[in-house]
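Hello,

I am passing a structure on to you, with some notes to go with it. Please have a look at it first and then read on.

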Amino acid sequence: MKILISNDDGFRAEGIVALYEALQSIADVEVEVVAPEHNNSAKSNALTLHTPLYVHRADNGFRYVNGTPADCVHIALTGLLGYRPDLVISGINNGANMGDDTLYSGTVGAAMEGYLFGIPAIAVSQIDKGWAHLDAAAAQVKLLVQQMRSGDLMGTRPWLLNVNIPNLPLSQIKAPKLCRLGRRHAAEPVITQVDPRGQTMYWIGNAGPAMDDSEGTDFHAAGLGHVVVTPLKVDLTEHAHLDHWAQTLGRLFPQGRA
């Protein structure tokens, strides 16, 4: 079994090192790391199209790219590796990716790039920042991979899972719980400052608090100490309202009817 690892915190982040060490300890598993050179949080699925990308080998054996998380997986799968991995894992991220965060997340973006190439993929995050109990989170990912492998979930159809793990000792982490994404309130206001030259500079505000954290959401399960598992999809089509929009457009543009 071959696993490709990436992340958005950078190739020297504690989370990716712990993930690599946990997965490479599984028998008959080959693990490769291709990750960003620097922190690329909130880069989502961005690809670098107008700047050359370079791949270097670090002293720990990891390869790193001067690009986004999606760049790393894209380059790896389209020529760098020379083979097709059985699984792509992105993480372990320093902080949760739940609710609306998944749209912005570079961690999810890297995993989604693998999924777009038809490969099963998992985005993994710790719920709180700071890497507390990182060894337990890595052990949970290792167990998840082993169970999925024994359940013959690799090499079938592609799937994309978003996994968030509590920062708790292994004995206190509750069993995986399947959840839907919650929703956040709008982000906090932009932060403005004046630089030494008198120019106004802007910092994106913090994410808003949870708006929908009801039972069944990732926010709710995370608060109870579960490993949170949410299947994701790429199709953003609003299927439930296709008929409504067909009627609306037919009324607004009657000349366009067949």
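Which residues make a nonpolar surface patch of about 430 Å²? They are Trp245, Leu249, Leu252 and Phe253. Before going further, please note that this is a predicted model, in which local features need pLDDT of at least 70 and side-chain atom pairs count only at pLDDT 80 or more, while totals for chains, interfaces and linings use all residues. Residues are numbered from 1 along each chain as its sequence is written, and side-chain values use heavy atoms, with hydrogens and water left out.

A patch here takes residues with over 30% relative accessible area and no salt bridge, joining like charges within 9 Å and nonpolar side chains (Val, Leu, Ile, Met, Phe, Trp, Tyr) within 5 Å. Trp245 sits in helix 7, residues 242-252 (helices are DSSP runs of H or I with at least four residues, strands are runs of E with at least two, numbered from the N terminus). Tryptophan 245 counts as partly exposed because its relative accessibility is 44% (buried is under 20%, exposed over 50%, partly exposed in between, with a 1.4 Å probe and protein chains only).

The largest pocket holds about 770 Å³ of space. Its lining has 29 residues, and Ala42, Asn97, Asp101, Tyr104 and Ala207 are the closest to its centre. Strand 5 (87-94), helix 3 (101-104) and helix 4 (106-116) each give two or more residues to this lining, and helix 3 gives the most, with three. (A pocket is an open set of points on a 1 Å grid over the protein atoms alone, with protein on both sides within 12 Å along at least five of seven lines; a cavity is a set where a 1.4 Å probe fits but cannot get out; lining residues have an atom within 4 Å of a point.)

The second largest pocket has a volume of about 470 Å³. Among its 18 lining residues, Thr102, Leu103, Leu181, Lys233 and Leu236 lie nearest the centre. Helix 3 and helix 4 are the elements that give two or more residues to the lining of this second pocket.

Finally, there is one cavity of 30 Å³ or more, and the largest cavity has a volume of about 40 Å³. Gln140, Val141, Leu144, Val163, Ile165, Pro176 and Val227 line this cavity. Helix 5 (134-150) supplies the largest share of the lining, three residues, and strand 7 (160-165) supplies at least two.

Happy reading, and best wishes

Note on methods
Areas by Shrake-Rupley, 256 points an atom, 1.4 Å probe, with all protein chains shown as cover. Salt bridge = Lys/Arg side-chain N within 4 Å of Asp/Glu carboxyl O. Points joined across faces, edges and corners; volume = space filled by probe spheres on them.
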